[in-house]
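Open your viewer and get ready to click along. This tour tells you what to select at each stop and what is there.

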Amino acid sequence: QVQLVESGGGLVQAGGSLRLSCAASERTFSSYAMGWFRQAPGKEREFVAAITWSGGSTYYADSVKGRFTISRDNAKNTAYLQMNSLKPEDTAVYYCAAGNSGSFYVVHGSVDLADFGSWGQGTQVTVSS
């Protein structure tokens with residue numbers, strides 16, 4: 001499994017921005033699709049964004065489309081999630097995950113958590129109104 005460490009979370013006012021980073025331990029990082037997921041208190045973990053191994057294809061949940069941008073730097077073994085125009089409903093623990101392959105698969109408009117085998121410990125994002 002790939003070891004992943006998220007950073008960049010924190011407290012921000014509504015309308016503000018944060019950039020999350022996800023550092024991977026392995027040189028094979030570039031072989032995996034990467035995803036960001038989030039879990040709010042009392043809710044199930046949900047898909048946020050995904051990117052293929054090359055960065056050539058991305059996909060977003062409708063709730064963040066146009067506000068969040070996923071990217072990766074394979075030379076640095078790091079994935080990113082730029083979050084702009086944050087809303088209180090974006091408050092959650094954010095997790096990055098490495099896919100079981102270099103691609104991700106969209107089913108019924110979302111990406112399945114089961115397609116990702118390695119997970120970070122999560123970073124808290126809190127958006128105040």
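In β8, which residue is the bridge partner of alanine 23? Select threonine 78: that is the partner of alanine 23. Before you go on, note that this is a predicted model, where local features need pLDDT of at least 70, side-chain atom pairs count only at pLDDT 80 or more, and totals for chains, interfaces and linings use all residues. Residues are numbered from 1 along each chain as its sequence is written, and side-chain values use heavy atoms, with hydrogens and water left out.

**Stop 1: the sheet**

Show the strands β1, β3, β8 and β7, in that order. These 4 strands form an open sheet with antiparallel pairing. Strands here are DSSP runs of E with at least two residues, numbered from the N terminus. Two strands pair if DSSP finds at least two bridges between them.

Now color β1 (4-7) and β7 (68-73). Both stand at the edges, and each has a single partner strand, so one side of each is left without a neighbour in the sheet. From one strand to the next, the twist averages 15 degrees.

**Stop 2**

Start with β1 and β3. They run antiparallel and are joined by 4 bridges. Select serine 7, and look opposite: there is serine 21 in β3.

Step on to β3 and β8. This pair is antiparallel too, with 6 bridges. You have already seen alanine 23 with threonine 78. Now select leucine 20, whose bridge partner in β8 is leucine 81.

Finish with β7 and β8 (residues 78-83), an antiparallel pair with 6 bridges. Select serine 71, which stands opposite tyrosine 80 in β8. Then select aspartate 73. Threonine 78 in β8 stands opposite this aspartate. So where does threonine 78 sit in the picture? Threonine 78 is opposite aspartate 73, and it is also the bridge partner of alanine 23.

Look at the hairpin of β7 and β8, with 4 residues between the strands. Select asparagine 77 there: its phi is positive, near 55 degrees.

In β8, 5 of the 6 residues are buried. In β3, 5 of the 7 are buried. Buried means under 20% relative accessible area, exposed means over 50%, and partly exposed lies in between (1.4 Å probe, protein chains only).

**Stop 3: the disulfide**

How many disulfides does the structure hold? The structure holds 1. A disulfide is a covalent bond between the sulfur atoms of two cysteines. The cut-off used here is a pair of cysteine sulfur atoms within 2.5 Å.

Select cysteine 22 and cysteine 96, whose sulfur atoms are 2.0 Å apart. Cysteine 22 is in β3 (residues 18-24) and cysteine 96 is in β9 (residues 92-99). The pair links distant parts of the chain, 74 residues apart. The torsion about the S-S bond is about 60 degrees, so the disulfide is right-handed. Both cysteine 22 and cysteine 96 are buried.

**Stop 4: the salt bridges**

A salt bridge is a side-chain nitrogen of Lys or Arg within 4 Å of a carboxyl oxygen of Asp or Glu. By this rule there are 4.

Select arginine 38 and aspartate 90. Their closest N and O atoms are 2.9 Å apart. Arginine 38 is in β4 (residues 34-39), and aspartate 90 is in the loop between β8 and β9, 52 residues apart. Arginine 38 has a relative accessible area of 6% and is buried. Aspartate 90 is buried too, at 0%.

Arginine 67 lies in the loop between β6 (58-60) and β7, and aspartate 90 in the loop between β8 and β9, so the pair ties together parts that are 23 residues apart in sequence. Arginine 67 is buried, as is aspartate 90.

Arg38, Glu46, Arg67 and Asp90 are linked in a network of salt bridges.

Technical notes. Axes fitted to C-alpha atoms, helices over the stretch in contact; angles between N-to-C directions.
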